[in-house]
Amino acid sequence: MAQEHVEAAAAEWTCPMHPEVAEPEPGSCPSCGMALEPLTPRIGDGENTELADMSRRFVIAAALTVPLVIVAMGDLLPGQPVSAFMSPLVRALVEFALATPVCAWLAWPFHERAYASIRNRSLNMFTLISLGVGVAYSYSVVAALLPGIFPDSFRGASGEVAVYFEAAAVIVTLVLLGQVFELRARDRTGSAIRQLLELAPHTARRIRDDGSEEDVPLDSVKAGDRLRVRPGEKIPVDGVVLDGASAVDESMVSGEPLPVDKGPGDALVGATVNGTGSLTMRAEKVGADTLLARIVAMVAEAQRSRAPIQRLADVVASWFVPAVVAIAIAAFATWAVVGAESRLAYGLLSAIAVLIIACPCALGLATPMAIMVAAGRGATLGVLFRDAEAIELLGRVRTLLIDKTGTLTEGRPALVTVVPADGVDYRKLLVLAGSLERASEHRLAGAIVAGVEDRGARLVEPEGFRAQPGHGVEGRVDGTNVVLGNKAMMDKLGVEFGELEKRAEVLRSEGETVMFVAADGKPAGLMGVADPVKPHAAEAIRALQDEGLRIVMLTGDSPTTAEAVARELSIDEVQAEVMPGTKAEVVKRLKTGSVVAMAGDGINDAPALALADVGIAMGTGTDIAIESAGVTLVKGDLRAIVRARRLSRVTMQNVRQNLFFAFGYNALGVPIAAGVLYPLFGLLLSPMIAAAAMSLSSVSVIVNALRLRTAKV
């Protein structure tokens with residue numbers, strides 16, 4: 001692909017949380033302050049600096065927070081070991097020393113994003129995190145250094161004022177961990193596009209007007225240039241054959257394992273692989289116009305799109321955050337106006353209690369904990385989930401699009417049918433065909449040789465081997481003149497196959513590629529090569545249909561082959577001769593009325609996998625397909641989708657329970673922290689109790705999520 005396209009694609013930078021943001025250069029998002037990322041990753045992109053920064057911050061924060069929690073909570077152990085070694089003042093100062101780097105330096109990106117959200121009037125969860133951490137830390141600093149300003153009701157049995165350094169530090173550390181997980185997922189997404197970019201060759205061999213040739217960078221190729229493609233090389237750009245004949249491996253585009261014969265006038269696709277012949281071509285589409293460039297653009301666009309549930313979460317956060325801040329301010333103002341003695345102290349403590357108890361620990365853990373446990377459980381079932389969205393949506397899928405080659409079938413040609421002519425010994429036919437193809441470099445030759453050897457035939461070296469590109473091969477085997485090729489080759493030699501031609505038509509209707517074998521000018525038999533259906537595919541399709549899924553098979557193969565596979569697997573709906581862009585269009589069309597999943601294994605499936613609500617990749621497929629998908633079936637067994645759907649439904653039920661705990665706790669805790677019960681019962685929630693309640697809600701969420709480890713799926 002031309003580098004000019006790559007540079008153009010990376011000319012704009014966007015925010016992962018606000019895809020509508022488009023900036024001409026890297027920097028911070030004007031809405032939330034997050035680091036911008038390129039619309040399309042580039043080859044040679046260096047280290048993800050934001051991921052590296054967040055990872056370092058998390059490691060340091062964890063190293064400081066663990067001893068901080070031990071110091072703060074150590075007296076819960078028998079014998080109160082911390083108090084035995086430290087006075088309350090020394091302990092408070094140690095906590096202050098450990099918490100300050102965490103809450104100030106390591107949490108600085110969150111404070112920046114909170115400031116940006118306030119400045120741009122776009123409040124989000126970072127606003128609440130920064131406020132909660134900042135207020136809890138600031139209050140604790142005052143409590144540690146100026147404890148005398150607090151009323152007696154907020155002192156412990158020994159007379160000291162409680163501090164909440166550990167609560168603030170734990171919040172920062174957990175949020176940093178979440179950021180690391182999110183950035184790693186985004187980085188893997190970008191690696192899929194970089195792998196696509198690397199498929200294109202870096203140079204092309206251009207033929208000058210005087211007939212001489214030169215190797216030039218790919219971005220120097222222009223439409224109309226004549227190019228030479230030598231055996232084994234990648235096609236540099238999209239174009240048309242001018243001269244020569246060869247078989248081209250187009251599996252990158254079509255997903256089909258069988259090479260396609262090419263001759264003058266036939267179209268060529270950039271980044272596909274030439275076979276053993278030499279071709280002269282005319283460049284027609286270069287740079288951003290090539291099919292590979294369009295695939296890259298489609299994958300990038302699909303990966304930037306956001307699910308409806310994400311937008312709903314943004315809406316909830318947009319109301320939740322200002323509501324909590326408003327309640328905290330109202331609590332402070334109310335106490336400051338109508339409170340008794342130490343009104344400002346009571347108001348401040350109430351506001352802090354509101355912010356601490358509303359700090360989104362349980363809310364932040366509700367989904368990640370369930371997803372983390374479900375992801376581990378899925379791995380034991382042979383299912384790898386890339387993110388929470390895939391787990392959430394898989395159980396709601398109603399339409400499943402399945403690629404044929406490599407997903408329903410093995411993805412490689414195999415010898416499936418051997419039909420000897422009348423009077424020809426079966427094993428003799430195997431020896432003749434297998435020995436002749438042993439010298440061929442054609443991709444089907446390998447399937448025939450392997451199939452013949454599996455049937456126990458002993459092969460010999462052929463003599464006088466010759467290949468006729470686009471037709472077949474010929475040579476001598478044990479003194480017999482053998483020809484193996486297509487019908488056109490046999491017609492050219494004048495060999496009539498009679499009834500065997502009818503059998504060949506039947507085999508073609510069943511999806512096989514048929515080759516004729518002639519010995520000493522007479523019919524010897526037929527060899528049928530096909531891509532065999534996976535052993536458990538039929539069982540998987542039945543199970544998925546029993547789950548109420550609508551199954552649609554998409555394939556770049558011919559309608560005849562596609563219909564043959566569909567009949568064998570009882571698939572009702574088939575769309576054949578579908579190109580990568582068309583697959584993505586089918587996904588886009590079906591998404592309007594249903595939750596759609598796409599299962600595939602090839603490069604050509606990547607745009608559709610990325611665009612689908614849930615992309616399902618075969619673990620036996622290409623890395624690009626796996627990186628573009630949200631779900632990977634480790635063994636490539638479609639039956640795992642049924643188990644994954646059940647796990648998805650159980651997980652989302654668990655998430656809803658967790659959210660109920662989190663929101664229910666906030667619904668009860670925030671008003672109590674604000675002091676609504678004080679006029680009736682004299683009950684005022686101190687920040688210490690608020691922190692304990694916050695921890696309790698987090699524990700309840702974690703315990704509930706752990707139940708998924710033994711859930712029946």
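These legends go with several close-up views of a predicted model.

Some housekeeping first: residue numbers start from 1 along each chain as its sequence is written, and side-chain values use heavy atoms, with hydrogens and water left out. Since this is a predicted model, local features need pLDDT of at least 70 and side-chain atom pairs count only at pLDDT 80 or more, while totals for chains, interfaces and linings use all residues.

View 1. Helices (H or I, at least four residues) and strands (E, at least two) are DSSP runs, numbered from the N terminus. Of the 713 residues, 51% are buried; that label means under 20% relative accessible area, with exposed over 50% and partly exposed in between (1.4 Å probe, protein chains only). Take contacts between residues at least 6 apart in sequence, and 67% of them join residues at least 24 apart; a contact here means heavy atoms within 4.5 Å.

**View 2. Helix α4, with a kink at Ala99.** The helix covers residues 88–106, and its 19 residues should span 27 Å at 1.5 Å a residue, which agrees with the 26 Å between its end C-alpha atoms. (The expected span is 1.5 Å times one less than the number of residues.) The kink is about 35° and comes shortly before the proline Pro101; the bend is the angle between axes fitted to the seven residues ending at a residue and the seven starting there. Among the buried residues of α4 are Arg91, Glu95, Leu98, Val102 and Leu106. Residues three or four places apart in an α-helix point the same way, because there are 3.6 residues a turn.

**View 3. Helix α2 against α4.** The axes of α2 (residues 49–73) and α4 come within 10 Å and cross at roughly 155°. Axes are lines fitted to C-alpha atoms, for helices over the stretch in contact, with angles from 0 to 180 degrees between N-to-C directions. The two helices are therefore roughly antiparallel, a label for angles over 145 degrees. On the α2 side, the contact includes Arg57, Ile60, Leu64 and Leu68; on the α4 side, it includes Arg91, Leu98, Ala99, Pro101 and Trp105.

View 4. At 6% relative accessibility, Ala271 counts as buried. With 56% relative accessibility, Asp478 counts as exposed.

Notes
Angles under 35 degrees count as roughly parallel, over 145 as roughly antiparallel, 65 to 115 as roughly perpendicular and the rest as oblique.
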